[in-house]
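Work through the exercises below with the sequence and the structure side by side. Each task is followed by a solution in steps.

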Amino acid sequence: MDLRRALIAAACLAAAIAAAQPPRALQQRVKAAYLTKFPAFVDWPAAAFATPGSPIVIGVAGNDEIARELDAAIAGREVAERPLRVQRLSPGEPDNGCCHVLFVGGGADPAARLQLAGTQGRAVLTVTDTPGTHPPGSVINFQVVEDRMRFDISREAAEKNGLQLRAQLLAVARQVSAP
Amino acid sequence: MRNVLTLALCMLGCGLPAAAAAQLPSTRQLSELSLEQLAAFEITSVSRRAEPLAEAPATVFVLTAEDIRRSGARSLPDALRLAPNLQVAQTSANAYAVRARGVYNNSANKLLVLIDGRSVYTPLFAGVFWDVQEVMLEDVERIEVVSGPGGTLWGVNAVNGVINVITRSAARTQGTLVAADVGETHSGAVARHGGAIGGGHARVFAKYVDREPTRTAAGVAVQDGAHLSQAGFRGDWSGVSGELRVSGHAYRGLIGQPRPGSISISGVNLALAPIPVEGANLTASWARRLATGSEVLLQAYYDRTSRTVAPTFAEDLDLFDLHFQHSLEPSAPRSFVWGAGYRRGRDRIENGTLFAFLPARVNQSWASVFGQADAELAEGLRATVGARLERNDYTGTEFLPNLRLAWAPAEGSLLWAVAARAVRAPSRLDRDPFIPATPPFLLAGGPNKRAEVATSLELGYRRRAGTLAWSATVFHAEYDHLHTQELAPSGTFVTFASLMEASTTGVEAWATWSATPRWRLSAGYAALRETFRLKAGSNDAAAVATAGRDPAHSWVLRSSLDLSDSLELDLVVRASAALANPAVPSYRTADLRLGWRPLPNLEVALVARNLGGAHAEIGAVETRTELEPGLHASFAWTFGAR
């Protein structure tokens, strides 16, 4: 095959190509994958669970896409012999102690801020995806850095909520703010 | 052939309706990755550049940064021992034979090795001088080991496989790293600092390695002590006009030259001197995504190496390489990639009196064009067809086609088939060696030496389900024009020639099982059967014993266990069957590593190597190193911005 023929073939291919799938779907899947991984690296106070086999509940507010991805990913998965459950919340809906992990989408919306403030002082691992700044009350905030989904950790927020974060989690974080 | 190929390309391009969207990994598959792997996963382009080989219809083993760290490996060949589809054998402290799928005839010359896109395969002997490839393993993101033919995408020399070493973007090596290790066989230290610069990121690093001399099984000292210093940098900038990467390295060292010498001449006892080595290289690459969704990549590098191997030869080699690639819609159900490359070499050799490369000074060039199309023929069924034309000064234009079919019967599984033709072009060691340096010659070069040709078939299957992932490949290849050494009719001298054929059949398989979130087990196995046949006109009866240089089988088992949040225990057990030529007993050996992270940014590790007694891996018993059990300790400390 010479260069000219390759170019002709390239041109006819270019004409027939469909639009690429947006990267957004993959970003949501990576965030959902992280949400299934985080519980293994967090120690909740014993009082956070009713019984030794009680599930770890992952709440998702304001992001149905991630909730759907989680439904598919958690089936049959256990962390420290606890099954995982997904709980959907509307944006701004009080969590009423439903959850051990709470993902709050929607960035710096008033509803999201309210929801985060509502978890303070309770054993909830709050996770956000606000670009640029780490929202108050959020323990883990996703950041896209150089084409990768990284996360920052606020040890202050973790401490306020009485959560112990394991060293492996801190080691992978992009930034860890002091308590 | 040419017309058939063009027709096939147009059928794929124009004749099929738009099919389903590109396959993205599912959340379930992603959640099988470790935290570190997730953090390293590229999310905006799952295509060729990000996870280029995860969906590829090829036998690919990927070594992650985590795999390398937890192996305790301190050199690139040591890290490559984890790949079940490679056979790594150590001759002395600095020398290794690294090969895949056998046919290790006159040297390990059928693998292409790339470090961040820069080929380290030398046109001197068509292999790799492993003793100067001191990659900073702490900054390696992953190593992709492809076994099988890769000629279409990677050119002549990618006959039995390709090793792609990919280092992290400078944005991912911010802050400072200081690490050191000390052990009975080698010691070393590295320092790296990364920061933001000019709207992008950059790192600078320095590395020093010192290797202790080893002994043979009889206790005779092998003159292989070595030290090497290296410094380098990498900068990454990304903006609206694309992504720019600039990297460079410079090194200098002194490497012991054990018997029988880098060039051995039977019956002559040479006074072997240590080998001074130095080199420098600079690579720039620019990738840009165009508005149409296509992507262009332009890469240029300059690489200078210098090596004084007294008393046989001294070489100064300058290589300049330019590569262009255009991918159309890499993530769509159909894609097309085409490109062109040009490489120029300026080789200056100073010969001794006993041995010579003639002519001593040579300028060579290589030029190539390639195109490869990929299309979904039906739900889950993909076809890839492509070819490369590459010209070299010795044998002219070589044709390197491949055809691949891949069928994904379900999410997470892939069945693939490959038919390909790959070629190894002659190197200077094939054509230009003379003994002695002036007539009358005993060895009078290889004037009739041809390009080696491999025609390969491969069938493979891999599957990822829950906590288990596995892959299995069977292959068969026919080789022609392999190396022989022919006695001239006068009976007074020999020449190198290409009068041997070979057939190989083998399997490669591996599996990884995440038994619990804290315990990962993996196993890998390779088996090979090869037969060599002399062609009419050959009188090199000894050549067929080449088969005795490759192990009939090899395996590796690994266990990675997190004892607690900060304690890791890793075990690697590997084994290889015996070799016959020269005879090396089969061996089984193990490395054990205990890693402790007292602070999130400090890692201390203790590694016990070659447990279960000493063993040898390749070479004649009089000269080869006997690898002894030994201890190795290391620490790595990171601080500053992450």
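Two strands pair if DSSP finds at least two bridges between them. Helices (H or I, at least four residues) and strands (E, at least two) are DSSP runs, numbered from the N terminus. This is a predicted model, in which local features need pLDDT of at least 70, side-chain atom pairs count only at pLDDT 80 or more, and totals for chains, interfaces and linings use all residues. Residues are numbered from 1 along each chain as its sequence is written, and chains are lettered from A and ligands numbered from 1 in the order in which they are written.

**Exercise 1. Trace the pairing of β15(B) with β14(B) and β16(B).**

Step 1. Strand β15 of chain B covers residues 275–289, and strand β14 covers residues 242–255; the two pair in the antiparallel sense over 13 bridges.
Step 2. Within this pair, Ala250(B) has Ala280(B) of β15(B) opposite it.
Step 3. β15(B) also pairs with strand β16 (residues 295–309) of chain B, in the antiparallel sense over 13 bridges.
Step 4. Here Glu278(B) faces Ser306(B) in β16(B).

**Exercise 2. Find the order of the strands in the open sheet of chain A, and its edges.**

Step 1. Chain A has 6 helices and 10 strands.
Step 2. An open sheet is formed by 8 strands with mixed pairing, in the order β3-β4-β2-β5-β6-β7-β8-β10.
Step 3. β3 and β10 (175–177) of chain A are the edges: each has a single partner strand, so one side of each has no neighbour in the sheet.
Step 4. The bridge partner of Asp152(A) is Gln175(A) in β10(A).

**Exercise 3. Describe how helix α4(A) sits on the sheet.**

Step 1. Helix α4 (residues 110–119) of chain A packs on the sheet and touches β2, β5 and β6 (125–128) of chain A. Contact means that the C-beta atoms of two residues, placed from the backbone, lie within 7 Å.
Step 2. The direction of α4(A) makes about 160° with that of β5(A). Axes are lines fitted to C-alpha atoms, for helices over the stretch in contact, and angles run from 0 to 180 degrees between N-to-C directions.
Step 3. Ala112(A), Gln115(A), Leu116(A) and Thr119(A) of α4(A) are buried. A residue is buried if 20 or more other C-beta atoms lie within 10 Å of its own, exposed if 12 or fewer, and partly exposed in between.
Step 4. β2, β5 and β6 of chain A are among the elements covering the buried residues of α4(A). The face turned away from the buried side carries the exposed residues Pro110(A) and Ala117(A).
Step 5. Gly121(A) follows α4(A) and has a positive phi, near 85°.

**Exercise 4. Is Ala80(A) buried or exposed?**

Step 1. Ala80(A) lies in the loop between β3 (78–79) and β4 (82–89) of chain A.
Step 2. Ala80(A) counts as exposed because it has 12 C-beta neighbours inside 10 Å.
Step 3. For chain A, buried residues make up 44% of the 179 residues.
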